[in-house]
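Let's take a walk through this model together. Have the structure open as you read on.

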Amino acid sequence: MKQEERYIQPQNTREALLLIQKLFNSYRNAPLTQELLSYHNNLIFRLGSDIHDAAVKEGQQTQLEDLSNLSAAMRRWTTIRLSGRPFNFKLRHFKLVSDQTPKFKRRVHKIHQSGSHRASRH
């Protein structure tokens, strides 16, 4: 494998933001180590430098807002985890969403009709 094929290179700012959001959601509940903290700080630095410059160059205001939301959420993760508390959020659409929402079980059964009409019994 060539060295340049080893890393993922996003084509635009949107892809970069989605990739960082996916990475953050994968390690948000991992045990806090110095290596993870330095990796996380590197991602925040990249958001503020390279990706911010690319977003300004593209000139889309929504991406700049998403970028600021994402970096603020990642900084909040750092303060919460360094204080020793659990982080009960995940990133969705570049905003923090609570993990503590209730989950409802649902049983689906077929109605005696043609087609795939289904009803749910809660």
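The buried residues of α3 pack against α1, α2 (34-58), β1 (89-92) and β2 (95-98). Here buried means under 20% relative accessible area, exposed over 50% and partly exposed in between (1.4 Å probe, protein chains only). Helices (H or I, at least four residues) and strands (E, at least two) are DSSP runs numbered from the N terminus.

A word on the source: this is a predicted model, where local features need pLDDT of at least 70, side-chain atom pairs count only at pLDDT 80 or more, and totals for chains, interfaces and linings use all residues. Residues are numbered from 1 along each chain as its sequence is written, and side-chain values use heavy atoms, with hydrogens and water left out.

Among the buried residues of α3 are Leu 67, Leu 70, Met 74 and Trp 77. Helix α1 (residues 13-27) and helix α3 (residues 61-82) pack at an angle of about 20°, their axes 11 Å apart. The two are therefore roughly parallel, a term for angles under 35 degrees.

Just after α3, Gly 84 has a positive phi of about 90°. Most residues other than glycine have a negative phi, so two residues in the loop between β1 and β2 deserve a look:

| Residue | Phi | Relative accessibility |
|---|---|---|
| His 93 | near 55° | 56%, exposed |
| Phe 94 | about 65° | 2%, buried |

Key. Axes fitted to C-alpha atoms, helices over the stretch in contact; angles between N-to-C directions. Parallel < 35°, antiparallel > 145°, perpendicular 65-115°, else oblique. Contact = heavy atoms within 4.5 Å.
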